[in-house]
Amino acid sequence: MAYLYDNVKLEKGMYNEAGRTFTQVLEKYDPSDAYKGTPLEGLDAYQRQLKRFDIKVRGAGSDVVEKFFTTAESAVLFPEYIARAVRQGMEESDLLPKLTATVTEISGMDYRSITSVPQGEKELRRVEEGAAIPATTVRTQDNLVRLHKRGRMLVASYEAIRFQKLDLFSVTLRQIGAHISRMHLEDAIDVVINGDGNDNPAETSSVASSGTLTYGDLVDLWGKFDPYVMNTILVGGDTMVKLLKLSEMQDAAAGLNFQGTGRLITPLGAELLRTGAMPAGKLIALDRNYALEMVKGSDVVVEYDKLIDRQLERAAITSISGFAKIFREASRVLTI
């Protein structure tokens with residue numbers, strides 16, 4: 001049986017089509033729907049091209065980097081391989097899905113988010129006959145969301161890596177993805193604490209004058225969230241140690257869960273996330289359903305010209321994102 005993927009003409013211009021990723025361009029010429037009920041069902045258009053050129057990118061039998069450059073057409077697949085490996089590294093260490101309420105994708109660098117301002121009380125109360133219905137005003141923010149390009153420079157000659165296994169090379173690329181993800185997380189934390197430039201920093205409180213974190217401090221913080229729910233706590237390593245030493249965290253059930261899974265169940269029911277991107281001496285509590293919007297200016301972008309024509313040398317791997325506060329009261333900071 002003849003398949004469409006064998007006849008697709010690969011060229012580097014496929015990376016340049018506006019509004020489409022490389023894989024989406026491939027899908028246009030080789031749609032996955034045509035493979036339902038065949039042995040290739042479940043593969044996307046890019047994976048079918050790897051099969052076409054017999055390139056194995058993972059596992060004990062993975063090929064060497066040189067396999068991508070066997071032909072001019074197979075070389076076109078190399079930037080997408082790098083982008084996918086980097087994206088995998090970003091996803092493996094990414095805490096942002098647990099912090100953001102929504103993700104907005106844009107095609108430019110300018111974005112103005114919205115905010116809503118309830119007039120009067122936030123609770124839904126009975127409206128008497130003839131009385132005015134309380135309103136919530138939705139308006140655009142005064143200032144634009146700042147997007148940041150984050151990335152790493154991949155520096156390697158083709159001669160240095162041509163005989164390296166793709167499975168091993170992917171480990172390095174996944175680490176690059178983890179670094180990029182960490183930088184985006186730092187941007188998100190900065191916006192939560194200091195605001196997005198629209199006069200909306202998080203309300204900050206401090207522990208008792210003794211400087212010691214107590215269970216009572218967490219309860220007080222939890223009590224300030226109504227009508228929101230404190231369902232996520234973000235801490236650094238120093239604050240995590242202090243939390244673990246609280247007697248309320250040392251009951252049998254919490255101890256067994258921490259020892260068995262490495263995840264700590266807080267008595268307040270919030271998911272506890274630890275990251276080195278947090279500033280020392282601070283704890284962020286938020287309602288992840290309402291606190292933060294992630295704005296993506298681009299997915300992982302790889303300089304394909306250098307990778308295809310010059311066989312590596314130096315190539316930038318970048319991702320553009322920014323963050324906006326949705327509801328200011330849905331996130332709070334505790335200084336320890």
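**View 1. Leu234 and Ile284 face each other across two strands.** Leu234 stands opposite Ile284, a residue of strand E8. This is a predicted model, and here we look at the pairing of strand E6 (residues 232–235) with E8. The two strands run antiparallel, and four bridges join them.

**View 2. Strand E8 also pairs with strand E11.** Let's stay with E8 and turn to another partner, strand E11, which covers residues 331–335. Five bridges link E8 and E11, and the pair runs antiparallel.

**View 3. Strand E8 is largely enclosed.** E8 spans residues 282–286, and four of its five residues are buried, so the rest of the structure largely encloses this strand.

**View 4. Helices H1 and H2 cross.** Helix H1 takes in residues 22–29 and helix H2 residues 45–52; their axes come within 8 Å and cross at roughly 75°. H1 is therefore roughly perpendicular to H2. At the contact, Phe22, Thr23, Leu26 and Glu27 of H1 meet Ala45, Tyr46, Arg48 and Gln49 of H2. Sorted by class, the contact of H1 with H2 has four nonpolar, two polar and two charged residues.

**View 5. Stepping back to the chain.** Of its 336 residues, 44% are buried. Among contacts between residues at least 6 apart in sequence, 78% join residues at least 24 apart. The chain exposes about 17700 Å², with carbon and sulfur atoms supplying 50% of that area.

Methods:
Residues numbered from 1 in each chain as written. Predicted model: local features only at pLDDT ≥ 70, side-chain atom pairs only at ≥ 80, totals over all residues. Heavy atoms only, no water. Buried < 20%, exposed > 50% of the residue type's maximum accessible area, 1.4 Å probe, protein only. Pairing = 2+ DSSP bridges. Axes fitted to C-alpha atoms, helices over the stretch in contact; angles between N-to-C directions. Parallel < 35°, antiparallel > 145°, perpendicular 65-115°, else oblique. Contact = heavy atoms within 4.5 Å. Nonpolar A, V, L, I, M, F, W, Y, C, P; charged D, E, K, R; others polar. Areas by Shrake-Rupley, 256 points an atom, 1.4 Å probe, with all protein chains shown as cover.
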